[in-house]
There are 4 protein chains.
Amino acid sequence: MRKIRMGMVGGGQGAFIGAVHRMAALLDGHIELVCGAFSSNPEKSKASGKAWYLPDNRVYDSYEEMITQEKQLPEGERMDFVAIVTPNHLHFPPAKLALENGFHVVCDKPLAFTVAEARELVALVKKTELIFALTHNYTGYPLVKQAREMVKTGKIGKIRKVVVEYPQGWLATNLEASGQKQAGWRTDPSRSGASGCMGDIGTHAENLAEYITGLKIKELCADLSTLVEGRKLDDDGNVLLRFDNGARGVLYASQISVGDENNLRIRVYGETGGLEWFQAEPNTLLVKHLDKPIELYRTGQGHLSAQAAAHTRIPSGHPEGYLEAFANIYRNFAKCVQARLAGEEPEEIYQDFPTVEDGLRGMLFIETLIKSTNSSEKWVKMEE
Amino acid sequence: MRKIRMGMVGGGQGAFIGAVHRMAALLDGHIELVCGAFSSNPEKSKASGKAWYLPDNRVYDSYEEMITQEKQLPEGERMDFVAIVTPNHLHFPPAKLALENGFHVVCDKPLAFTVAEARELVALVKKTELIFALTHNYTGYPLVKQAREMVKTGKIGKIRKVVVEYPQGWLATNLEASGQKQAGWRTDPSRSGASGCMGDIGTHAENLAEYITGLKIKELCADLSTLVEGRKLDDDGNVLLRFDNGARGVLYASQISVGDENNLRIRVYGETGGLEWFQAEPNTLLVKHLDKPIELYRTGQGHLSAQAAAHTRIPSGHPEGYLEAFANIYRNFAKCVQARLAGEEPEEIYQDFPTVEDGLRGMLFIETLIKSTNSSEKWVKMEE
Amino acid sequence: MRKIRMGMVGGGQGAFIGAVHRMAALLDGHIELVCGAFSSNPEKSKASGKAWYLPDNRVYDSYEEMITQEKQLPEGERMDFVAIVTPNHLHFPPAKLALENGFHVVCDKPLAFTVAEARELVALVKKTELIFALTHNYTGYPLVKQAREMVKTGKIGKIRKVVVEYPQGWLATNLEASGQKQAGWRTDPSRSGASGCMGDIGTHAENLAEYITGLKIKELCADLSTLVEGRKLDDDGNVLLRFDNGARGVLYASQISVGDENNLRIRVYGETGGLEWFQAEPNTLLVKHLDKPIELYRTGQGHLSAQAAAHTRIPSGHPEGYLEAFANIYRNFAKCVQARLAGEEPEEIYQDFPTVEDGLRGMLFIETLIKSTNSSEKWVKMEE
Amino acid sequence: MRKIRMGMVGGGQGAFIGAVHRMAALLDGHIELVCGAFSSNPEKSKASGKAWYLPDNRVYDSYEEMITQEKQLPEGERMDFVAIVTPNHLHFPPAKLALENGFHVVCDKPLAFTVAEARELVALVKKTELIFALTHNYTGYPLVKQAREMVKTGKIGKIRKVVVEYPQGWLATNLEASGQKQAGWRTDPSRSGASGCMGDIGTHAENLAEYITGLKIKELCADLSTLVEGRKLDDDGNVLLRFDNGARGVLYASQISVGDENNLRIRVYGETGGLEWFQAEPNTLLVKHLDKPIELYRTGQGHLSAQAAAHTRIPSGHPEGYLEAFANIYRNFAKCVQARLAGEEPEEIYQDFPTVEDGLRGMLFIETLIKSTNSSEKWVKMEE
């Protein structure tokens, strides 16, 4: 078995999410970075490649060039997959081209710019049978996996209610007017898509809720707002949810919640128990019972499920964080690619990462939110 | 100046909220319990009066008898006010009779059984000029008052968003079927009113949000549900809010949230700051800023507002709780009655307790929630 | 049965601990304040009595006068007990006089100024068979009682280690130089006694540790310090402990720990479990296990011990605080006095409050700390 | 500039700390693993090398073989440094040999088995001028660096008191009797050294306290105990400290604290402020003031010091953990080696990792603890 080779699109020096992907990919030692088209600016791309110790001839001016050139290298030298870490409007083109040229893909969320693009990628993955991971990274946390296992094995009974929230405060002022890069593209409809806050973080909340509960949102009622004057996209949104099993839900996301960081929190209530997990302190899962004290499940403890244990690197008491959760996606992806190379079925524990179908659901969620916000009807169904 | 004399309606031995009212009234030494009609069962009423050291002749068989008889006693011996701690459907009749006979009133929430009754009490208080306090007790916490002061003095700028939630878990099973008394009347439409969960605790959330922000809910979109089979009233409800200044909001209340106690939490976000307060740990107020670390304001600290300080009994570090907050309502009420007896205007710090008008808003809120739940329109306006 | 009558020594208007005792006494309705010698300044004493609605003839100029005069009143009118809330050097004289004249006593801690005085009071209580409660109030918290029950019934096995700490920050500067009254007497050897910080709060830590574990400190090694220049008494102290069963311990108290309020925390570790309780959030008890998740026991929950339940006034979710814990001492004391009046044995649940013997142990603890601090030997035994 | 090449001694498959070192080394992409002697069992070493994608000829049977063989490879191919992750008694021999052969070293703590060995390594590093990092990893956390900066720049005034504690519970039973490997060597004097608990984790506490405060422990009074029957080394220890500036301290470490994970917590109090940091929630630093609310400093926020920022990889709200802190040591070490290769002075921000001198202090600390435990004198001075 050999290390899996990554080519990166976007993520030049100074980029936040590109650095996250690189560290997540490298952490476990199963992946090496072999090439990249790190920026639309060729000089910046070169400088970035140099900073990461790549030879000049593996640093490309564009993703098209990278895909074309790498394809001509011999197996075992050329990249095995493309990691796409560009702004939202530039997810679809390289993803499509990579798939069409036989490369597996890791793509940042949201999957695409429109539902139509998302459906096209779903079809393409189906057709090519390539491996596609979407980095809804919060599902990578061990205790999120523990929560999912507990729901699946009936530990809290039939789900009745889900509350999921993701408040941030970093866009509480008109930061984009200051030239801050992240704020710039994330509030720009031409680069971010039809939704700002909901596309950026609301979809994480939606994905987390569906991942843990195994339920699907059936219909919703949304109130998306732009609360900072002059902004073009929503920076806050509140949503009532109804799930396919009849459970009720509340989902909200916000980027104007002054002083909040990434306060993603989910609470799931079933007939016989409840679960609560908070991303800011991700190594604790509250498990609630009808007639017993609340229990604190902690990352790495011996009594956790096999699936949670398989996504923990260190014994309990050594806090794991965002990068480790992110790296769980890359590790599982790499293990699936290695299995593919070996002509084997990957172990089941590794077949656990967000897929292109999750990406489509995210796009449908955004579409439904906007439809609902513009509607005077109370409930709008979410397409499948 | 003398102690103020309380007569109690309801709250016989074993009753939860009656005991709370008695302790809250006694704590500061300004009030004494002088009489009561503690139960519709005369023997239970007698036994209760005895347990609280009342002479037999001041323990009555009914509130009508109490009000009639006490009225005939000389001033300074007869009760000064009536405290009403009966189930919801029995708030209006004694409140009305007390006011009509010249007694001040402290009434548990909700104010009445219907909006019409509530309006009648508002009119009666206006006409009689008697003092009427409604025990929306959560507004009695010192740090809730601090939060209100900070909003009022512009510390967090114009309010943009409010999130208020009140999950409980005690009705997650069909407890009323077991004969548990509290569960019995609170889930019974003939004693509890048009709403279960929302009437019981959703109104506390509504009152807290309006109290802290000084805003009024203008319209809302509600999804009230009955999630425990066989129950007649809502036991869970999720609501989108719009306030009169344009701020957005989320309010939810639940009695099926397994493992949650009285997890009333409010988060208020303005243009320049945020506030967060959690009833389970009521001595901390999180104050959030655009460019500074979050600050932990604590009950009793020297840098709090005068109004917060005036509702704190002990220096910081000595946790104050639910009873002290409740007692703040009684203390303020008693001070206003003493001022009335002295023919003076009460100090402004004491003119701070929930009123009959707050009670009317609570009833309107319930009415609007039910209207919205039964409507296919997204937004329903809340009457004034 | 009738209410028990309290006469108070000290605690005039503006006094911190006097107000606490009054509220704690009144909360449950079993005690009434009937007289007092509230201040060595007769005018202040009068004004204080008036503020608390006492008739002038029951407000005395001195405790001697109060005890003498009250003794001449008929039973049922005269006070039943004396509450002593003066600075430390004035605990012994009124306590002694009260006992000698047949009055029960509630005394603030420390019991006395010297070990000799403490032994005299122990003897006097034994001789008179009067009821004597010392307000080591932290043992009044329901979850402290739960912890004690759990140790007693073997839930955590044989105790191996105890860590108890009580850091405060209010004396981090030379506050006494500013004329602040509390700081003044608490740092003055002539009024506070041989120790400052340890006498004031270290004894609470010692009492809590012995109360919960049922163990006794056998020997100790102390490092008491005065860290604020110019101060005469210790304001910080660190102590190694050895208990009579061989368990090890750490105890520290501090009044120079900037930013800490009353951060009394205790952790007890046995062979099979652990307990952790923190006074700043007193409604949670962490229960730790060898092979299970940590459990959060919460005040008022149904699964707590009978003794914890008997010291809780409201269902879970309604935070109880310092005053309620304090009031548990007064309630139990009052119930024992009522039983005495009725010629009955008090119920066992009420025979649970700190006694004159606890006070003696506190004095011995202080004495041993000072001996150890001044010794070059490692271990100093604590007398019995 | 090129990646730095690591050879590893110890840390074969299944080893806890070896895996930590590998992930920490790889995370930032500046280091590659090129060879190893992963186990004293050659087959296990081979299998481990294979799992980490090493060619067979770079996997050695012993550290002696590795160092000898690698030395003969050309620069740019041979390893640049040795990472030593063996049990304690096997730190010194490979460290010494590596230094003598011109390789830089990263060594797990404790530095050596005896003070004499430690002094020899100090001398050898001095003589060879090679770069030596000791993985007292807790000093790698961004907020620990923030704390150190705040002390250094006088934000809390002159230090008066330090409380540092490190309770664990994993050795509360006689785990070593079950054959558990970690428990086996850590409780065995022939592999672990003169102290068990204190050598393993007490030294982390000591190192953290001296790192943050910039003070040195001058003398101490220790009570080390073996609380689990049949164990040979201490599993619990409580220590009074005095620092070189006169500050007082308490340090304790325990491995029998049932239910505790790695609850390393430090509190530092100065004349004008206080700091509190807890390893289990490492992204929050409590900053305490004389007259202001406590502030919550959070990893990644804009207002932190440059040195904290330089050790943070992702913006605030993305929890960083144990591995990232560990990786900060490796990143800084790698940057210093790169500078050495380039003949340059490393940037100052990178010259921040625990050194061989820190390792010597750890060994002296252990020695002093044991001396004190066996002494009847109260204070024992710590050598330099």
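In which loop of chain D is Pro110(D) found? Pro110(D) sits in the loop that runs between strand E4 (104–107) and helix H5 (115–128) of chain D, and the legends below come back to this residue.

These views show a predicted model, in which local features need pLDDT of at least 70, side-chain atom pairs count only at pLDDT 80 or more, and totals for chains, interfaces and linings use all residues. Residues are numbered from 1 along each chain as its sequence is written, while chains are lettered from A and ligands numbered from 1 in the order in which they are written.

**View 1. The cis prolines of chains A and D.** The peptide bond from Lys109(D) to Pro110(D) is cis, with omega near -5°. In chain A, the bond from Lys109(A) to Pro110(A) is cis, with omega near -5°. Pro110(A) belongs to the loop between strand E4 (104–107) and helix H5 (115–128) of chain A. Helices (H or I, at least four residues) and strands (E, at least two) are DSSP runs, numbered from the N terminus. For context, most peptide bonds are trans.

**View 2. Two domains of chain A.** Chain A is divided into domain 1 (4–130) and domain 2 (144–315 + 361–373), with bounds from an automatic or database domain assignment. Their centres, taken over C-alpha atoms, are separated by 27 Å. Where they touch, domain 1 of chain A contributes 11 residues and domain 2 of chain A contributes 12 residues; residues are in contact if their C-beta atoms, placed from the backbone, lie within 7 Å. The domain 1 side of this contact divides into eight nonpolar, two polar and one charged. Here Ala, Val, Leu, Ile, Met, Phe, Trp, Tyr, Cys and Pro count as nonpolar, Asp, Glu, Lys and Arg as charged, and the others, Gly among them, as polar.

View 3. Five strands with parallel pairing form an open sheet in the order E2-E1-E3-E4-E5 (chain B); two strands pair if DSSP finds at least two bridges between them. At the edges are strand E2 (31–37) and strand E5 (132–134) of chain B, each pairing on one side only. On average, neighbouring strands of this sheet are turned by 20° against each other, direction ignored. Strand E1 (residues 4–9) and strand E3 (residues 81–84) of chain B run parallel and are joined by four bridges, with Gly7(B) opposite Val82(B) in E3(B). Helix H1 (residues 16–26) of chain B lies across E1, E2 and E3 of chain B, at about 150° to E2(B). Helix H3 (residues 63–71) of chain B lies across E1 and E2 of chain B, at about 125° to E2(B). Axes are lines fitted to C-alpha atoms, for helices over the stretch in contact, and angles run from 0 to 180 degrees between N-to-C directions.

View 4. Val163(A) lies in strand E6 (residues 159–167) of chain A. Val163(A) counts as buried because 24 other C-beta atoms lie within 10 Å; the cut-off for buried is 20 or more, for exposed 12 or fewer, with partly exposed in between, and C-beta atoms are placed from the backbone. Leaving aside neighbours within four places in sequence, Val163(A) is in contact with Gly249(A), Val250(A) and Arg267(A). Ile266(A) is 103 residues from Val163(A) in sequence, yet their C-alpha atoms are 5.7 Å apart.

**View 5. Two hairpins in chain A.** Strand E11 (residues 273–278) and strand E12 (residues 284–289) of chain A run antiparallel, joined by five bridges, and form a hairpin with five residues between them. Glu276(A) has Leu286(A) as its bridge partner in E12(A). E12(A) also pairs in the antiparallel sense with strand E13 (residues 294–298) of chain A, over four bridges; this hairpin has four residues between its strands. Leu285(A) has Tyr297(A) as its bridge partner in E13(A).

**View 6. Positive phi in two loops.** Tyr53(B), in the loop between helix H2 (42–51) and H3 of chain B, has a positive phi of about 65° although it is not a glycine. Tyr53(B) counts as partly exposed because it has 13 C-beta neighbours inside 10 Å. Glu129(C), found in the loop between helix H5 (115–128) and strand E5 (132–134) of chain C, has a positive phi near 60°. With 8 C-beta neighbours inside 10 Å, Glu129(C) counts as exposed.

Terms used. Two residues are in contact if their C-beta atoms, placed from the backbone, lie within 7 Å.
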